[in-house]
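Have the model open while you read.

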Amino acid sequence: MNLLKEEKKFWQRHFRIEKVEDIPHKWSGYKSIDSENDDDFFYFFTLRVSSIMEIHLKDTLVTDGGVKYISKLKDLEILYLRNHSKITKASIPFFNEMASLQSLNITKTEISLFDICDSLDNQSLKEVFLDSEEDEESIIEKGIILKERMPDCSVYLNTSFATDVFENPIKPIF
């Protein structure tokens, strides 16, 4: 099987892969920071890759459309989507489809605590990181709802890690 022209350019440009048989179907992880990776990147990536454990993206051009492609990947346990202004609550149904997802970082996106309280329901999640500017009363109210829906999931606000710089645990809000 040969790669089509655009797909061949994608694999050559991003991974220096020339032949379809050289593309691994299972990956341990992928990281990209301050890059021009966009939805088309994950379109081509998911045409050949079926499984990945971790994806870490910070300040790329990925939008809700890219999250839709990412949701097709099996075995994804960690999804880090920090600083993506074009990732909105429209991505939440895709997060819900990710059967292996355990850790989700959506800090500095357009997804609010209200949004995840309204529709996030992924029982495999163990931790979610997001930003919130809501008042304490509202946070507690939404926290109770989330804890009832996903009792094994810890939610962290305004941080991207479960520990501080000294490796001390940060207490989740719920």
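The side chains of Glu 6 and Lys 9 come together in a salt bridge, at 3.2 Å from N to O (a side-chain nitrogen of Lys or Arg within 4 Å of a carboxyl oxygen of Asp or Glu). Both residues sit in helix H1 (residues 5–15), three residues apart, or about one turn of the helix. Helices here are DSSP runs (H or I, at least four residues), numbered from the N terminus.

How open is this pair? Glu 6 counts as partly exposed because its relative accessibility is 44%, and Lys 9 counts as partly exposed at 43%. For those labels, buried means under 20% relative accessible area, exposed over 50%, and partly exposed in between, using a 1.4 Å probe and protein chains only.

A word on the source: this is a predicted model, where local features need pLDDT of at least 70 and side-chain atom pairs count only at pLDDT 80 or more, while totals for chains, interfaces and linings use all residues. Residues are numbered from 1 along each chain as its sequence is written, and side-chain values use heavy atoms, with hydrogens and water left out.

How many salt bridges does the structure hold? There are three. One of them pairs Arg 48 with Glu 7, with the closest N and O atoms 2.5 Å apart. Arg 48 belongs to helix H2 and Glu 7 to helix H1, so this pair ties together parts that are 41 residues apart in sequence.

Buried or exposed? Both Arg 48 and Glu 7 are buried, and Arg 48 gets that label because its relative accessibility is 16%. Helix H2 itself covers residues 39–48.

## How H1 meets H2

The axes of H1 and H2 come within 10 Å and cross at roughly 100 degrees; axes are lines fitted to C-alpha atoms, over the stretch in contact for helices, with angles from 0 to 180 degrees between N-to-C directions. H1 and H2 are therefore roughly perpendicular, the label for 65 to 115 degrees.

On the H1 side, the contact (heavy atoms within 4.5 Å) involves Glu 6, Glu 7, Phe 10, Trp 11, His 14 and Phe 15. H2 brings in Phe 41, Phe 44, Phe 45, Leu 47 and Arg 48.

## One more bridge

Glu 134 and Lys 142 also meet through their side chains in a salt bridge, at 3.3 Å from N to O. Glu 134 counts as partly exposed at 24% relative accessibility, whereas Lys 142 counts as buried at 10%.

Definitions and conventions. Helix = DSSP H or I, 4+ residues; strand = E, 2+ residues; numbered from the N terminus. Parallel < 35°, antiparallel > 145°, perpendicular 65-115°, else oblique.
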